[in-house]
Amino acid sequence: MESREVRLAAIPEGVPGQEHFEVVSAPVADPGPGEVLVRNRYFQVSARLRTLLAGDIEGTPLPPVRVGEVPPSITVGEVVAVGAGGGARVGEVVSHWAGWREYAVLPVAACTPLGDSLPDPVAHLGSGWTSYAALTVHARLRAGETVLVTAGGGGVGSLVGPLARVLGAGRVVATARTREKADRVVAELGYDAAYVVGTDAIEDVDVVVDNVGGADLRAALAAARPGARVALVGALSGQAGAAPVELDTFGLILRGISLHGVNTRPDPDERDEWLARFGGWLRSGALTFPHVRVSGIDSAPRALQEVIEGRHVGTVAVYL
């Protein structure tokens, strides 16, 4: 049996395009002891992948992608074969990180069984736990507060904003790259307002969830009220490296503003609690999972370019 997969063909110097990838067929081995064969159903396309394509950058949680390698991505698939002593069952739906391919042979330990915790398994591709932890653990959101989400239409931002509302925020606002994108996040995600940094003045806020760094973070800190809490989730402004920003540390001290880096994974109890709450909100209609469906593995390189260019609202998922 063969599987089609996307490989990196050349290291991009700027925004990765279709010319930097190739779609090839590769043989798929039978799963060995302790392994499973997974038929991938959909995988996430994230702008954060650009960092891994840029070469060796210290501190990234995943290794850089070399020429000839398949990019990693959170993926949902179905177990179709189990090796000896595999400890999994055929038909089980699992998540793993061997995306950008149709089939993957993996150790059972590299797969997470998903069960029916969420009404649609594709929602497991979202950054739900990160959004939840940013608001509840790091920013300590209180009822009635105003929340600012930078890059409010991205994969994280599109969940943070609606989730903040469910958790009791009084007002939820965002930043966006263009006026068109700002209008879309208000219309499609229910933000109270959206601002273009460098063009609009941002209203005062109590909580910031920052996915961008750079100018967006600087503007957010300028709008932060005394005692505001800032959760640092991403650095989209520096996808090819660092995202430097000048901070008035004395001003932050005087206003009692705290900054917290969000870089934690849930333990099993936290994961179960989050999935139970998220699944309940999805089933009741209190939350939706904003995502864009892209069909076919050949479309993945183009989808990545569009994500980095900010053309979509929500998580982008390639359906196989």
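Two strands are taken to pair if DSSP finds at least two bridges between them. The views below show a predicted model.

View 1. Six strands make up an open sheet in the order E10-E9-E8-E11-E12-E13, with parallel pairing. Strands E10 and E13 (258–261) are the edge strands, each of which pairs on one side only. From one strand to the next, the twist averages 20°. Arg 229 has Ser 258 in E13 as its bridge partner.

**View 2. Strand E10 and its pairing with strand E9.** Strand E9 (residues 171–176) pairs with E10 in the parallel sense, and the pairing extends over four bridges. Within this pair, Ala 174 stands opposite Ala 194 of E10.

View 3. Helix H2 (residues 128–138) packs with helix H7 (residues 268–284) at an angle of about 100°, and their axes are 10 Å apart. H2 is therefore roughly perpendicular to H7. On the H2 side the contact comprises Gly 128, Trp 129 and Tyr 132, which meet Glu 270, Glu 273, Trp 274, Arg 277 and Trp 281 of H7. The residues of this contact are divided into four nonpolar, one polar and three charged. H2 also lies across strand E8 (146–149), strand E11 (205–210), E12 and E13, and runs at about 140° to E12.

**View 4. Helix H3 in its enclosed setting.** Helix H3 (residues 157–166) is largely enclosed by the rest of the structure, because eight of its 10 residues are buried. The buried residues are Gly 157, Ser 158, Leu 159, Val 160, Gly 161, Pro 162, Leu 163 and Ala 164. Just after H3, Gly 168 adopts a positive phi of about 110°.

**View 5. Two loop residues with positive phi.** Most residues other than glycine have a negative phi. Trp 100, in the loop between strand E5 (93–96) and strand E6 (103–107), has a positive phi near 60°. With a relative accessibility of 0%, Trp 100 counts as buried, for which the limit is under 20%. Arg 140 is found in the loop between H2 and E8, and its phi is likewise positive, near 50°. Arg 140 is partly exposed, as its relative accessible area is 38%.

**View 6. Val 245 and its contacts from elsewhere in the sequence.** Val 245 is situated in the loop between strand E12 (224–232) and helix H6 (249–255). The C-alpha atoms of Val 245 and Gly 213 are 6.9 Å apart, although the two residues are separated by 32 residues in sequence. Leaving aside residues up to four places away in sequence, Val 245 touches Gly 214, Leu 217 and Arg 218. Val 245 counts as partly exposed because its relative accessibility is 24%.

Key: Residues are numbered from 1 along each chain as its sequence is written. This is a predicted model: local features need pLDDT of at least 70, side-chain atom pairs count only at pLDDT 80 or more; totals for chains, interfaces and linings use all residues. Side-chain values use heavy atoms; hydrogens and water are left out. Buried means under 20% relative accessible area, exposed over 50%, partly exposed in between (1.4 Å probe, protein chains only). Axes are lines fitted to C-alpha atoms, for helices over the stretch in contact, and angles run from 0 to 180 degrees between N-to-C directions. Angles under 35 degrees count as roughly parallel, over 145 as roughly antiparallel, 65 to 115 as roughly perpendicular and the rest as oblique. Contact means heavy atoms within 4.5 Å. Ala, Val, Leu, Ile, Met, Phe, Trp, Tyr, Cys and Pro count as nonpolar, Asp, Glu, Lys and Arg as charged, and the others, Gly among them, as polar.
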